[in-house]
Amino acid sequence: GLTKKASLNALTVALEYGASLIVGFLVTPLMVAGLGNYLFGMWQILNRLIGYINPVSGRPGFALKATLANQQASPDFEQKRRYVGSTLLIWLLFLPPLIGIGGTVSWFVPYWVHAPDEYVWVVRAVAGLLVLNLIVSALSSVPQVTLQGENLGYKRMGMSVILVLAGGGFTWLALYLKTGIVGVAAAVVASTLTTGLFYLWVVKSQIPWFGAARPRLEDTRQMLGLSWWFMGWNLVTTLLLASDVVVLGLLDSVESVTNYSLTKYVPETLIGVIVIIIFGIMPGLGSIIGTGDTQRAIRLRDEINSFIWLSATTLGASILIWNRVFIGLWVGADHYSGPIPNLLIVVAAMQLALIRSDGNIIDLTLRLSQKVLLGLLSVAASIVAAGMM
């Protein structure tokens with residue numbers, strides 16, 4: 001059963017990610033042409049900057065997913081409903097600081113990125129919409145993580161692909177109507193809302209016990225403790241994924257961010273396929289860890305790492321050969337950052353695939369403290385080093 005579910009989950013996320021590749025491939029040149037180099041670079045920077053706020057949401061969905069995966073074999077459905085109730089309560093607890101910090105960042109971000117006077121309110125509006133998207137996403141993710149935690153992610157197969165295509169359609173419509181960068185941000189919010197409603201429908205039809213029960217104090221304390229550590233790891237992941245663009249935009253130029261983002265599009269996207277597939281099969285490993293079968297879990301981890309090395313090496317070599325040609329045909333050769341940045345981007349993407357795989361396995365043990373503290377130390381050192389270059 002676990003093998004079949006893992007295969008179906010991997011196929012589901014592969015289809016979904018393939019749809020996102022198609023959408024990104026088609027929409028990115030339209031965004032570059034429709035927004036221009038400056039606003040496209042600004043869009044990249046704002047997404048990363050607002051991403052720094054993401055941990056303030058508490059990310060209770062991650063704690064719920066890991067807890068349900070760890071306790072898949074449990075028949076105590078009332079306890080699982082209390083976990084869902086605790087997740088919603090934690091979302092409410094973190095909502096005021098998220099609004100406060102998000103509003104503050106949205107107001108001051110035009111000064112941090114040195115936006116021209118005519119773009120000050122545009123930048124604030126886009127940042128505000130991206131903060132709103134964080135709020136909506138944290139709530140709407142509850143049905144999705146419940147489905148994944150119960151190792152039933154494959155139940156969304158097919159329809160989730162349509163949702164990805166619909167999200168790209170929202171962005172295309174915003175560009176077609178010439179609503180600019182503000183319209184693109186509004187399209188992201190609309191896509192998140194649509195996805196959340198879809199997963200709510202799926203989880204109600206596939207998981208009979210799904211619902212929210214009034215949590216006990218110990219349930220909330222347990223989920224809140226996990227949420228703090230997941231929040232810390234989300235901060236580490238956000239810094240890992242976003243700091244290169246932010247440092248480049250703040251210390252070099254917004255236009256340079258456009259070229260860098262386009263150069264790393266293929267490496268991050270293709271090697272990201274590996275990470276997405278691994279994430280799809282992880283809930284099944286969670287049930288093995290939850291039952292205490294550590295030897296089997298170790299063997300599965302070794303197999304996963306071997307798969308990552310083989311796939312990432314093959315894809316990485318292809319990217320080193322063809323990325324310059326691809327960018328030249330896709331958006332123009334002047335957007336290629338050069339062979340050395342291309343090589344370093346590929347190496348970093350391979351490292352990230354291994355880090356996120358092992359990080360996800362640690363999540364399933366529900367013991368995250370050492371991982372988070374080491375991650376914070378590592379990412380702080382890398383950001384300082386990047387800023388000094």
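# Briefing on a predicted helical model

Helix 3 gives the most to the nonpolar patch, contributing four residues. The model described here is predicted.

**The nonpolar surface patch**

- The patch lies on the surface and is formed by Trp-107, Phe-108, Tyr-111, Trp-112, Trp-121, Leu-250 and Leu-251.
- Taken together, these residues have about 810 Å² of accessible area.
- At least two residues of the patch come from each of helix 3 (77-112) and helix 7 (217-251).
- Leu-251 belongs to helix 7.
- With a relative accessible area of 59%, Leu-251 is exposed, because the cut-off for that class is over 50%.

- For helix 2 (residues 60-70) and helix 3, the packing angle is about 165° and the axes are 9 Å apart.
- Helix 2 and helix 3 are therefore roughly antiparallel to each other, since angles over 145 degrees are counted in that way.
- The crossing of helix 2 with helix 3 is right-handed.
- Helix 2 also packs with helix 4 (residues 120-149), at an angle of about 20° and with the axes 8 Å apart.
- Helix 2 and helix 4 are therefore roughly parallel to each other, as angles under 35 degrees fall in that class.
- The crossing of helix 2 with helix 4 is likewise right-handed.

**Salt bridges**

- Side chains of opposite charge can pair when their charged atoms come close.
- The count of salt bridges in the model comes to five.
- One of them joins Arg-81 to Glu-78, with the closest N and O atoms 3.1 Å apart.
- Arg-81 and Glu-78 are three residues apart in helix 3, so about one helical turn separates them.
- Arg-81 is partly exposed, at 23% relative accessibility, and Glu-78 is also partly exposed, at 35%.
- A salt bridge is likewise formed by Lys-80 and Glu-150, whose closest N and O atoms are 3.1 Å apart.
- Lys-80 is in helix 3, whereas Glu-150 is in the loop between helix 4 and helix 5 (159-176), so this pair ties together parts that are 70 residues apart in sequence.
- Lys-80 is buried, having a relative accessible area of 2%, and Glu-150 counts as buried at 12% relative accessibility.
- Both values lead to that class because buried means under 20% relative accessible area.
- Glu-218 and Arg-216 meet through their side chains in a salt bridge, at 3.7 Å from N to O.
- Glu-218 is partly exposed, with a relative accessible area of 42%, as is Arg-216, with 36%.

- Asn-360 is located in helix 11 (residues 339-364), where its 11% relative accessibility counts as buried.
- Asn-360 and Ile-278 are 82 residues apart along the chain, and their C-alpha atoms are separated by 9.0 Å.
- Ser-227 counts as buried, at 0% relative accessibility, whereas Leu-251 is exposed.
- The C-alpha atoms of Ser-227 and Leu-64 are separated by 8.7 Å, although these residues are 163 residues apart along the chain.

**Positive phi angles in loops**

- His-114 is not a glycine, yet it has a positive phi of about 55°.
- The position of His-114 is in the loop between helix 3 and helix 4, and His-114 counts as exposed, at 62% relative accessibility.
- Lys-178, another residue other than glycine, has a positive phi near 60°.
- Lys-178 is placed in the loop between helix 5 and helix 6 (180-206), and Lys-178 counts as exposed, at 74% relative accessibility.

Methods:
Residues numbered from 1 in each chain as written. Predicted model: local features only at pLDDT ≥ 70, side-chain atom pairs only at ≥ 80, totals over all residues. Heavy atoms only, no water. Patch = residues over 30% accessible without salt bridge, like charges linked within 9 Å, V, L, I, M, F, W, Y side chains within 5 Å. Areas by Shrake-Rupley, 256 points an atom, 1.4 Å probe, with all protein chains shown as cover. Salt bridge = Lys/Arg side-chain N within 4 Å of Asp/Glu carboxyl O. Buried < 20%, exposed > 50% of the residue type's maximum accessible area, 1.4 Å probe, protein only. Axes fitted to C-alpha atoms, helices over the stretch in contact; angles between N-to-C directions. Parallel < 35°, antiparallel > 145°, perpendicular 65-115°, else oblique. Left-handed = near helix turned anticlockwise from the far one by under 90°.
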